[in-house]
Amino acid sequence: MADKQPLIQPDRGQDAISIHLVNRDGFPEWKKSLSASQRAALDAQKFDGGGYQVGIVPDGDGWFAVGGVANPDELSSWCMAKLAESLPEGTYRRAGAEPGPALHGWQTGQYVFDRYKKPDRPVGPRVLLTKDVKAIDGALAEAQAVCLIRDLVNTPAEDMGPAALEEQCEALAKTHAARLEVTRGDTLEQEYPMVHAVGRAAARHHAPRIMHLTWGKESDPVLAIVGKGVCFDSGGLDVKSSSGMLLMKKDMGGAAHAIALAGLVMGAHLPVRLYLLVPAVENAISSNSFRPGDVLQTRKGLTVEIGNTDAEGRLILGDALQRASEENPELILDFATLTGAARVALGPEYPALMTRRDETAAALIAAGKAHDDEPWRLPLPDVYREWLASDIADTNNAHGNAFAGASVAGLFLDKFVGEGIDWAHFDTFAWRPQAKPGRPKGGEAYGLRAAWHMLQARFGGG
């Protein structure tokens, strides 16, 4: 989207096609204002004001559009998304009111992943006008961040390996004049031993690395953002089934969220000292794969017994969270496609949220509710910490029962976050199994907008 014309533009009275929003309750009265031929046109389209319905109404030599919503007075992000998907190329204006939060879905509804397959009948841009000029830049930035996540997650692993994630971080650093440090090879093994161990079996062009981007004034409060970058997860020697492996190109979804969120922070000049850490690996199978029963060293100095090589995301995050903690941040946010247990509990729509502090959870949940991106809090219960005990190491990376998998993974990560640091962990699916208006099937952002609006409220800048 960044390379195309903005889909939201200032309303300066230019020619535009009108869009009327109605609901089922108000539609009969609104319909009375139409001519007989206009009413007949809507009847022929079976339009009755239901949610996400789209109607075309002839009007002299032209036409206007009508869309069904739940409540025309209280729009959500997605109320105009179906219109954006369905209407022809052109410039549009909501009649009688501003689109408000619906600016977001208007843009994301026009997202198409066409890297490998072009649409048979491509449709040009549908531009929406607004008089709320101050809202335009923020709305554009958020939609672009969401679409970046979709692009990264939708791209297959051969084209979105660790090197490709590094390229994304390089582009981000160049755009915002940030400093990027990339650690690989022998240095990676010494400084980030778990990242190296998980990724060492991959082919050379998918070799493991960690990207560390730094931006902002040293005098500003420190914000660390960490993202799990497992570019493909075979499960390692505890190999996944073929069906379990099918979507594992999305296992770098946490890294995609972290990169997109860092871009929002820098683009808005949020007054923070930002540290972005993206450990990037492929969990492959080879003669030098790490094994069940191995004991790994860590950046923190703890030893970790490997109970399951398919619990690898928490390993690379552990080293990255330790590095983030060394900057004494005011807040750490991490994103990861971490556990199937979170999906069993919450499904794809709600990212699992785990935090140390109640007030941080409350702020993230409130921001999510206000912007149609609600996370759901899961606990970090001390009573389950003993399930990670090991007879031969400081901790195991997996527990031996089927209970509370998301929370136990969170407790493992908690071991690598510095004492007293405010920390929030998103266990996000990063994939939409079924399309909805404004939200096509495929890679998806869950938790991004909740995190972004919480950061704006906490640190200023919006």
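**View 1. Surroundings of arginine 150 in the predicted model.** Leaving aside neighbours within four places in sequence, arginine 150 is in contact (heavy atoms within 4.5 Å) with Thr108, Tyr111, Gly438, Arg439, Pro440, Gly443 and Glu444. Arginine 150 belongs to helix α5, residues 134-154, where helices (H or I, at least four residues) and strands (E, at least two) are DSSP runs numbered from the N terminus. With a relative accessible area of 0%, arginine 150 is buried; buried means under 20% relative accessible area, exposed over 50% and partly exposed in between, for a 1.4 Å probe and protein chains only. The side chain of arginine 150 reaches the backbone oxygen of threonine 108 at 3.1 Å. Because this is a predicted model, local features need pLDDT of at least 70 and side-chain atom pairs count only at pLDDT 80 or more, while totals for chains, interfaces and linings use all residues. Residues are numbered from 1 along each chain as its sequence is written, and side-chain values use heavy atoms, with hydrogens and water left out.

**View 2. The packing of helix α6 against helix α10.** The axes of α6 (residues 162-176) and α10 (residues 253-267) come within 10 Å and cross at roughly 5 degrees, which makes α6 roughly parallel to α10. Axes are lines fitted to C-alpha atoms, for helices over the stretch in contact, and angles run from 0 to 180 degrees between N-to-C directions; angles under 35 degrees count as roughly parallel, over 145 as roughly antiparallel, 65 to 115 as roughly perpendicular and the rest as oblique. Leu165, Gln168, Cys169, Leu172 and His176 of α6 meet Ala255, Ile259, Ala262, Gly263, Met266 and Gly267 of α10. Sorted by class, this contact of α6 with α10 has 7 nonpolar, 4 polar and no charged residues, where Ala, Val, Leu, Ile, Met, Phe, Trp, Tyr, Cys and Pro count as nonpolar, Asp, Glu, Lys and Arg as charged, and the others, Gly among them, as polar.

View 3. Strands β5 (residues 90-94) and β6 (residues 126-130) run parallel and are joined by 3 bridges, with tyrosine 92 standing opposite leucine 128 in β6.

**View 4. The open sheet of 3 strands.** Here the order is β12-β13-β17, again with mixed pairing. β12 (295-297) and β17 (395-396) stand at the edges with a single partner strand each, so one side of each is left without a neighbour in the sheet. Strand β13 (residues 303-305) runs parallel to β17 and is joined to it by 2 bridges, and threonine 395 in β17 is the bridge partner of valine 304.

View 5. All 7 of the 7 residues of β8 (residues 209-215) are buried, so the strand is largely enclosed by the rest of the structure. In a regular strand the side chains alternate between the two faces of the sheet. Both faces of β8 are covered, with Arg209, Met211, Leu213 and Trp215 buried on one side and Ile210, His212 and Thr214 buried on the other. β7 and β8 pair in the antiparallel sense over 6 bridges, in which threonine 214 of β8 is the partner of arginine 179. β8 is also joined to β11 by 7 bridges, and these strands run antiparallel; the bridge partner of tryptophan 215 in β11 is leucine 274.

**View 6. Phenylalanine 290 in a loop.** Phenylalanine 290 is placed in the loop between β11 (273-283) and β12 and, at 2% relative accessibility, counts as buried. Not counting residues up to four places away in sequence, phenylalanine 290 touches Ala197, Val198, Arg200, Leu237, Asn283, Leu296, Ile306, Thr309, Glu312 and Leu315. The C-alpha atoms of phenylalanine 290 and threonine 309, 19 residues apart along the chain, are separated by 7.3 Å.

**View 7. Two alanines with positive phi.** Alanine 177, although not a glycine, has a positive phi of about 55 degrees; it is found in the loop between α6 and β7 (179-184) and is exposed, with a relative accessible area of 72%. Alanine 430 has a positive phi of about 65 degrees and lies in the loop between β18 (423-427) and β19 (431-432), where, at 0% relative accessibility, alanine 430 counts as buried.

Note on methods. Polar contact = N/O pair within 3.5 Å; in protein donor to acceptor, adjacent residues only side chain to side chain. Pairing = 2+ DSSP bridges.
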